[in-house]
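Let us read a fold step by step. Keep the sequence and the model open side by side.

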Amino acid sequence: MTREEIKQPCNIVACKPRLLNDNTMHYCPGCSHGVVHKLVAEVIDEMGAEHIAIAIAPVGCAVMAYNYIDVDWIEAAHGRAPAIATAVKRLNPSRLVFTYQGDGDLAAIGTAETIHACNRGENIAIIFINNGIYGMTGGQMAPTTLEGMVTSTTPYGRNVELNGYPLNITDLLARLPGTCYVTRESVHTAPAVRKAKKAIRQAFENSLSGKGTSVVEIVSTCVSGWKMTPVKANEWMEEHMFEKYPLGELKNTDKTDK
């Protein structure tokens, strides 16, 4: 179905985003990545930006994101997506440039690249999937793992005396002068999905407008790493993850200026 056909009055309530390929996704059933992929594809299509979008794929569960969304992609070394995005945007300032990263990629090995890109105010958008665990490599503790949370490397729960405190990197990024828009969303309910889509749209528009760095954190589940069903994982996320990582807008210079 073309974009023109979609715009015509009809009885269609929902349809597959045009920019999502027909490839079967490798994500576990109940994983938040598939929903976020759908939103990214929808936003780019609605903006008419598929020919100017350049996305940077991470190392992690979304390492093959390029296989699902039909825009130009660059594969970055582990954690280096913001550095690659910086070069791409500076060389192509009229392009929509964004990274798609997990917490291990963005908040562990990529901490320096993330912080310095945001501090410089690079005109890129960062989509940050935070499920509090290393999902791809076996469910190990991540920087975002909650205190007391059981993982394959913290079988008795994260102990802050041994493992340190969870890293709330999004709050840190919101304090940097180069960020123009920082928000924390989720995709566990229909209203949350709508808010997340709106946030992604604003982040992409900021990239094109040259306002600075936008960060959209998506607090997510990991049904495999958490050893839960999708329903239980969503319930656990609401009860535990949202307490440490509360949803909502952390910074919006457009509103501040007004």
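The dialogue below goes from the sheet to its helices, then to cores and single residues.

Q: What kind of model is this, and how do the strands of its sheet pair?
A: The model is predicted. In general, strands of a sheet pair through backbone hydrogen bonds, either parallel or antiparallel. Here 7 strands form an open sheet, and the pairing is mixed. Read across, the order is β2-β1-β3-β4-β6-β5-β7.

Q: Which strands are the edges?
A: β2 (72–75) and β7 (248–252). Each of these two pairs on one side only. On average, neighbouring strands in the sheet are turned by 15 degrees against each other, direction ignored.

Q: How many bridges join β1 to β2, and do the two run parallel or antiparallel?
A: There are 4 bridges between β1 (residues 53–57) and β2, and the strands run parallel.

Q: Which strands does helix α2 lie across?
A: Helix α2 (residues 33–47) lies across β1, β3 (96–102), β4 (125–130) and β6 (213–219). Its direction is at about 175 degrees to β3. Helix α3 (residues 81–91) also packs on the sheet, where it touches β1, β2 and β3. The angle between α3 and β3 is likewise about 175 degrees.

Q: At what angle do α3 and α5 pack?
A: The angle between α3 and helix α5 (residues 111–120) is about 35 degrees, and their axes are 8 Å apart. From α3, the contact uses Pro82, Ala83, Thr86 and Arg90. From α5 come Glu113, Thr114, Ala117 and Arg120. By type, these residues are 3 nonpolar, 2 polar and 3 charged.

Q: Which residues have the most contacts inside the largest nonpolar core?
A: Start with the general idea. In soluble globular proteins, nonpolar side chains tend to be buried together. The largest nonpolar core here has 36 residues. Those with the most contacts inside it are Val36, Val40, Ile44, Phe98, Ile127, Ile200 and Phe204. At least two residues each come from α2, β1, β3, β4, β5 (179–186), α8 (190–209) and β6. α2 gives the most, with 6 residues.

Q: What does valine 40 touch?
A: Leaving out residues up to four places away in sequence, valine 40 touches Ile69, Phe98, Ile127, Ile200 and Phe204. There is also a second, separate core of 19 residues, including Ile56, Ala76, Leu173 and Val182.

Q: Is serine 207 buried or exposed?
A: Serine 207, in helix α8, counts as buried because its relative accessible area is 0%. Beyond its neighbours within four places in sequence, serine 207 contacts Lys89, Arg95, Leu96, Val97, Asn123, Ile124 and Ala125.

Q: How many disulfides does the structure hold?
A: A disulfide is a covalent bond between the sulfur atoms of two cysteines. The structure holds 0. For cysteine 61, the nearest cysteine sulfur is that of cysteine 222, 6.0 Å away. Cysteine 61 is partly exposed, at 23% relative accessibility.

Q: What is the phi of lysine 227?
A: Most residues other than glycine have a negative phi. Lysine 227 has a positive value, near 60 degrees. Lysine 227 sits in the loop between α9 (223–226) and α10 (230–244). At 68% relative accessibility, lysine 227 is exposed.

Notes: Residues are numbered from 1 along each chain as its sequence is written. This is a predicted model: local features need pLDDT of at least 70, side-chain atom pairs count only at pLDDT 80 or more; totals for chains, interfaces and linings use all residues. Side-chain values use heavy atoms; hydrogens and water are left out. Two strands pair if DSSP finds at least two bridges between them. Axes are lines fitted to C-alpha atoms, for helices over the stretch in contact, and angles run from 0 to 180 degrees between N-to-C directions. Contact means heavy atoms within 4.5 Å. A nonpolar core is a set of buried Ala, Val, Leu, Ile, Met, Phe, Trp, Tyr and Cys residues joined through side-chain atoms within 4.5 Å. Buried means under 20% relative accessible area, exposed over 50%, partly exposed in between (1.4 Å probe, protein chains only). Ala, Val, Leu, Ile, Met, Phe, Trp, Tyr, Cys and Pro count as nonpolar, Asp, Glu, Lys and Arg as charged, and the others, Gly among them, as polar. A disulfide is a pair of cysteine sulfur atoms within 2.5 Å.
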